[in-house]
Amino acid sequence: MMDFYHAPQSRSTSVLTLLDELGALDQTQIHIVNIKRGDGTGAADPANPHPEGKVPYLVDGAEHIRERGAIFAYLTDKFPQAGLGPQVGEAGGAGGPI
Ligand SMILES: N[C@@H](CCC(=O)N[C@@H](CS)C(=O)NCC(=O)O)C(=O)O
């Protein structure tokens, strides 16, 4: 089971969408956390393991992954059957040019 740290109406929503498209939500525990918002509201949440108190943050066993780009690459590699990302060394593996 993966642990995904998410704050609604933030960048982490894009990762939530990807998890859904990958069919991975049933393998993911979603933790809604508070974050410091650009308008001055909110605060870092002690329940969020991200070193800077930010989202998105993904924990998969010993892997702790931050930054959307890194999380997207990790997830599309982990769920290759979804065909959403080309696998390294497999040209066309994502169903054609992307
Ligand atoms: N470059 C990071 C940015 C992460 C980021 O700044 N997330 C915002 C939410 S949209 C956040 O957690 N802000 C809280 C803070 O800055 O303390 C990514 O794309 O994952």
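Ala47 is found in the loop between β2 and β3 (57-60), where helices (H or I, at least four residues) and strands (E, at least two) are DSSP runs numbered from the N terminus. The model is predicted, so that local features need pLDDT of at least 70 and side-chain atom pairs count only at pLDDT 80 or more, while totals for chains, interfaces and linings use all residues. Residues are numbered from 1 along each chain as its sequence is written, and side-chain values use heavy atoms, with hydrogens and water left out. Leaving aside neighbours within four places in sequence, Ala47 is in contact (heavy atoms within 4.5 Å) with Tyr5 and Val33. Ala47 and Ile32 are 15 residues apart in sequence, and their C-alpha atoms are 9.2 Å apart in space.

The secondary structure of the protein comprises two helices and four strands. From the N terminus on, these elements follow the order β-α-β-β-β-α. The C-alpha atoms fill a box of roughly 45 × 25 × 20 Å, taken along the principal axes. Of the 98 residues of the protein, 34% count as buried; here buried means under 20% relative accessible area, exposed means over 50%, and partly exposed lies in between (1.4 Å probe, protein chains only). The protein exposes about 5,900 Å², of which carbon and sulfur atoms supply 50%. Accessible areas come from the Shrake-Rupley method with a 1.4 Å probe, and for residues only the protein chains shown count as cover. Among the contacts in the protein with a separation of 6 or more, 51% are accounted for by residues 24 or more positions apart.

Helix α1 (12-21) has Ser12, Val15, Leu18 and Leu19 as its buried residues. Because they cover an arc of only 110° around the axis, they lie on the same side of α1; the arc is that of the directions from the helix axis to the C-beta atoms. An α-helix has 3.6 residues a turn, so residues three or four places apart point the same way. The buried residues of α1 pack against β1 (2-6), β2 and α2 (68-78).

Ser12 lies in helix α1 and counts as buried because its relative accessibility is 0%. The side chain of Ser12 reaches the backbone nitrogen of Ala7 at 3.0 Å. This is a polar contact, defined as a pair of N or O atoms within 3.5 Å; within protein, one must be able to donate a hydrogen and the other to accept it, and residues adjacent in sequence count only if both atoms are side-chain atoms. Leaving aside neighbours within four places in sequence, Ser12 is in contact with Phe4, Tyr5, His6, Ala7, Val55 and Pro56.

The loop between β1 and α1 contains Gln9, which counts as exposed because its relative accessibility is 76%. The C-alpha atoms of Gln9 and Gly69 are separated by 18 Å, the two residues being 60 residues apart along the chain. Just after α1, Gly23 takes a positive phi of about 70°. Leu25 is placed in the loop between α1 and β2 (28-32) and, at 33% relative accessibility, counts as partly exposed. Together, Leu25, Ile30 and Ile32 make a nonpolar surface patch of about 240 Å². Patches are made of residues with over 30% relative accessible area and no salt bridge, with like charges joined within 9 Å and nonpolar side chains (Val, Leu, Ile, Met, Phe, Trp, Tyr) within 5 Å.

A search of the whole structure finds three salt bridges, each defined as a side-chain nitrogen of Lys or Arg within 4 Å of a carboxyl oxygen of Asp or Glu. The side chains of Glu52 and Lys54 meet in one of them (3.8 Å, N to O), and Lys54 is partly exposed at 47% relative accessibility. Glu52 also forms a salt bridge with Arg66 (3.7 Å, N to O). Since Glu52 lies in the loop between β2 and β3 and Arg66 in strand β4 (residues 63-66), this pair ties together parts that are 14 residues apart in sequence. Arg66 is partly exposed, with a relative accessible area of 34%.

A further salt bridge joins the side chains of Asp60 and Lys78 (3.0 Å, N to O). Asp60 lies in strand β3 and Lys78 in helix α2, so the pair ties together parts that are 18 residues apart in sequence. Asp60 is buried, with a relative accessible area of 13%, whereas Lys78 counts as partly exposed at 35%. Salt bridges that share partners join Glu52, Lys54 and Arg66 into one network.
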